[in-house]
Amino acid sequence: MSGPIGKPTPYIDGVQKVTGKAMYTDDYRFPNMLYVGLLRSPHAHAHIKHIDTSAAETYPGVAAVTVGTDLPISFGILPISSDENAMAVEKVRYVGEIVAAVAAETMEAAQKGAEKIIVEYDPVRAFIDPGDSLEVCDPAEQIHSHTKGGKNIHKTAELRFNEPEKALEQSPFKRTESFKFAGVTHAFTEPHSTIAIWNGDETLTVISATQVPHYLHRNLSKVLELPMHRVQVKKPALGGGFGGKSDPFAHEMITAYLSMITKRPVKCTFSREEVFINNHGRHPTTIDMSVGCDQDGIITALDTDTIIDGGAYGSFGVVTSYYNGVLLQGPYKIDKLGFRTRRAYTNKSQCGAMRGHGAVNPRYAMEVILDMLAHDAGIDPCDLREKNFLEENTVTVGQLRITSNGVRDCLQAVREKSDWDKLYGKQPYGRGLGIGCGFYISGSALPIIWNRYPQTVVHAKLDFDGRIVMFSGASDIGQGSDTMLAQIASEELGVPMNYVQLEVADTKTTPVDLGSYSSRVTFMVGNAAKMAAEKLRNEMAKAIAKEKDVSADDIVFRDNKIFTEDGAVDISWEDGVETALAGRGAIVESGYYFSPKMGGDFKGSGAGLSPAYSFGAFISDVTVNPSTGSVKVEKIWAAHDCGKALNPLAVEGQIEGSIHMGLGQAVSEDMRYVNGQIVNANFFDYRIPYSVDTPDMDVTIIESNDSEGPYGAKEAGEGPIHPVLPSIGNAIYDAVGIRMMELPITPDKVLAKIQEKG
Amino acid sequence: MEKVQLNVNGFPQVVLVGSHETILETLRNRLNLTGTKQCCDEGTCGSCTVLMDGKPVLGCLTPTVRCVGKEIVTIEGVSSGDNLHPVQKQLVQNGGMQCGFCTPGVVMTAIPYLKENPDPSIDDIKEGLSGNLCRCTGYKKIIEAVKNAAEELNG
């Protein structure tokens, strides 16, 4: 590579961010703007008997009031569980659900106005424990009328391959263990914020803190009954997502509607408490998992039964249900595999997608059980894993197509760097090492809404000024996708990065990209951007070749010049631009990405399909204080196979950020509810690791060079979280000989286990 | 409402403020200085850090009326972009920011910290930044950036 691809590249918006100039949604303000005040439910589950809005309507400063029946059309990220309304209709299903809203001249008037709305409720039985939701209940108590069998089960996902239960019975070594995981939430720093503007031409512009402008566009159109060509969604700078801004949200529908009826700009920004209430985080989960292996440590079968607590609405839950099972098909070869996941509706705010979606909790269970089996069989835990790794270019039992695979290199790297062979099992009581591996999808191969369009399109435009403008719907949420777009154009056209400028994440001006979820952007948008830039280069080369009478294939674009090796052509970029555009003007070329056809033909076969998979192996070094139960993660060696690091600085950042988030879930984070009311909706009580909690990190990037990825690249944003948690859990075992089956691993639980062991 | 005169980034500003209003609200909503971020609004994240007479304070916990007669410096007062402070420069170069939302608060904490602690160790820096919540980076590259900035400042 002669350009910036593969080199550590600071973010192109870095200076904007360090100077406070980057504009996030709440930083925008418009003339004559109104503010939204929301009235939320105090009940976990109740029928709405009556709403009286008269006092709110006459409250000074209130311009409009709206209630659920004004927007009765349901929405949701998945068309198959479009079960949510902008505001509660007929009944509320969790504490904090939005019941009514006002738009007012000031934030204070909006809040006070909303409080004037009087709602009469008729409470019914609330389902807080997901176990209760699995039982038959009085139909009047059902959370949603569409669930089957009189139960509150949203989805049962189940697949079985080659009778795993029989193989388990015959396995020389077998472990059947139960695990429990608390719910955790994204806790991005920028609170949700949305501004809606009803334009003079009867179109709607929504500026929002969203990872999925395209799906928000579609859902706004549906709920507001506004044709898609009259909706525009723009994502400005965004303060973190991690999956928590990847659903269309009620407040986005409400803000847009209030703008439509008042014909004024309207803004809605959440408080931190509201961000916690909104949640959509990782599902609280219980897992009963059985894994067997033979005398040599070869895995014989895996069977798992999982309950995930979905909260009151669907969100991504159907996908989560499948991911909890299908994403156990790697990084190990398992030919006999079965799973059942039941997603329970409960009367709490809904859970959805969060970094490592659907695979983090089962990965912990699997990796801890493998550690146990290694000890049972007398095999080193790293050796046992190595014996079982999937090969590259293979197909799993559930028809996941594995292409590039650098997991062996990952394991070898961390094993050597951590001095595993010398230290594992041999350190003084209280100090230990633990291994965890993982793999993850590099983009969901199937779009959420089936259609015949590509999954992403990128335009590259060149005009007289010599700049290249890349038009992409991709949403930079901090992961650096804008920088990637500029790197690719710079690489392909041989111009400095500052010749490349972007138009991004605006559904009116940029072609469709499905969004920043499922770790799809580098792979899909990267390929489309590369194609667009290559086509632009070829178009330029053709024109220059014709004028200079050389072969277009011989023309090189590098170092801001256009030349042939034999010197027949040697012109500046600017001269090349004029030659290429002579007589025709601007060139606009498009690139696109479609996933190849893949997968089995059974129901559920689409879940987990991806054009490539990332792999990783991490080793943690922990200290456990046996008298207090406190766990300190001293160091983590992390090796991740991202195919090719287009921007190693950004890849390292994703791995280090994954360590942070994995550490938080492992040792401290816990969404706590009492009677359906979240009781730790703030950063005092919901404990996220701060700088003083951060371990030393040693990051190794493994490049397996995927044959279909752009320049060989795969994902790095989500895969690196999976090995973090089990490497910590397994290190605690090495340190003090206890198995932590419940997360977060807080000192009280550690102490109880140490005392139980005696 | 009370009419107060504030000194923000070296300029006098006369504003009408409520008695409960915080300097964070005044900066963002009345003076349109939106570089200072509102993240938790209860003193747990450091995103709203500004300097009051050179010392870092949490904008969300500081009543505006307490800022009268003080010199307030916000992220906008540090650099307009041409001449970045070494802390800012190193954050960009080292990848010490991803989404960037906590970044103004990190800058406004690190600058006075390095004034008082010109030669900090990695553990010192961790302690110095312990009030700044970052959910993206895992802190490693922020800490390295501040370490590099200290070295650059020491020349």
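A cavity is a set of grid points where a 1.4 Å probe fits but cannot get out. In this predicted model, the structure holds 6 cavities of 30 Å³ or more.

The volume of the largest cavity is about 90 Å³. Its lining comes from chain A and includes A:Glu84, A:Asn85, A:Tyr94, A:Phe249, A:His280 and A:Tyr313. By class, the lining of the largest cavity divides into 6 nonpolar, 3 polar and 2 charged residues.

The largest pocket contains about 1600 Å³ of space. It is lined by 49 residues, and those closest to its centre are A:Met107, A:Glu108, A:Gln111, B:Glu25 and B:Gln38. Several elements each supply at least two residues of this lining: β1 (34-40), α3 (107-115), β12 (266-269) and α8 (272-278) of chain A, together with α1 (23-30) of chain B. The pocket lining has 18 nonpolar, 13 polar and 18 charged residues.

In soluble globular proteins, nonpolar side chains tend to be buried together. Here the largest nonpolar core has 195 residues, and A:Met366, A:Phe683 and A:Ile732 have the most contacts inside it. Helix α10 of chain A, residues 360-377, gives the most to this core, with 11 residues. Another core lies apart from it and has 39 residues, including A:Leu462, A:Ala533, A:Ile562 and A:Leu646.

What does A:Ile732 touch, not counting residues up to four places away in sequence? Its partners are A:Val622, A:Val624, A:Val631, A:Gly737, A:Ile738, A:Met740 and A:Ile745.

## Cysteines

Over all chains, the structure holds 0 disulfides. A:Cys293 is in no disulfide, and the nearest cysteine sulfur, in A:Cys437, is 15 Å away. For A:Cys437 itself, the closest cysteine sulfur is that of A:Cys382, at 7.3 Å. A disulfide needs two cysteine sulfur atoms within 2.5 Å, so the sulfur of A:Cys382 is too far from that of A:Cys437 for a bond. A:Cys293 is buried, with a relative accessible area of 1%, and A:Cys437 is also buried, at 0%.

A:Gln232 lies in strand β11 of chain A, residues 231-234. Its relative accessible area is 9%; buried means under 20%, so A:Gln232 counts as buried. Leaving out residues up to four places away in sequence, A:Gln232 touches A:Leu204, A:Thr205, A:Val206, A:Asp506, A:Thr507 and A:Lys508.

B:Gly95 is in the loop between α2 (86-93) and α3 (103-116) of chain B. This glycine is buried, with a relative accessible area of 13%. Apart from its neighbours within four places in sequence, B:Gly95 is in contact with A:Leu649 and B:Lys141. B:Gly95 and B:Glu144 are 49 residues apart in sequence, and their C-alpha atoms are 9.4 Å apart in space.

## Backbone geometry

Most residues other than glycine have a negative phi, and most peptide bonds are trans. The table lists some exceptions.

| Site | Feature | Angle |
|---|---|---|
| A:Gly330 to A:Pro331 | cis peptide bond | omega near -5° |
| A:Leu743 to A:Pro744 | cis peptide bond | omega about 0° |
| A:Phe242 | positive phi | phi near 60° |
| A:Asn560 | positive phi | phi about 65° |

Where are these residues placed in chain A? A:Pro331 lies in the loop between α9 (317-326) and β15 (337-345). A:Pro744 is in the loop between β31 (742-743) and α19 (747-757).

A:Phe242 is found in the loop between β11 and α7 (250-262) of chain A. A:Phe242 is buried, with a relative accessible area of 12%.

A:Asn560 sits in the loop between β22 (555-558) and β23 (561-564) of chain A. Is A:Asn560 buried or partly exposed? Its relative accessibility is 22%; the limit for buried is under 20% and exposed begins over 50%, so A:Asn560 counts as partly exposed.

How values were computed. Residues numbered from 1 in each chain as written. Chains lettered and ligands numbered in written order. Predicted model: local features only at pLDDT ≥ 70, side-chain atom pairs only at ≥ 80, totals over all residues. Heavy atoms only, no water. Core = buried A, V, L, I, M, F, W, Y, C linked by side-chain atoms within 4.5 Å. Buried < 20%, exposed > 50% of the residue type's maximum accessible area, 1.4 Å probe, protein only. Helix = DSSP H or I, 4+ residues; strand = E, 2+ residues; numbered from the N terminus. Contact = heavy atoms within 4.5 Å. 1 Å grid on protein atoms, 1.4 Å probe; cavity = no way out; pocket = protein on both sides within 12 Å on 5 of 7 lines; lining within 4 Å. Points joined across faces, edges and corners; volume = space filled by probe spheres on them. Nonpolar A, V, L, I, M, F, W, Y, C, P; charged D, E, K, R; others polar.
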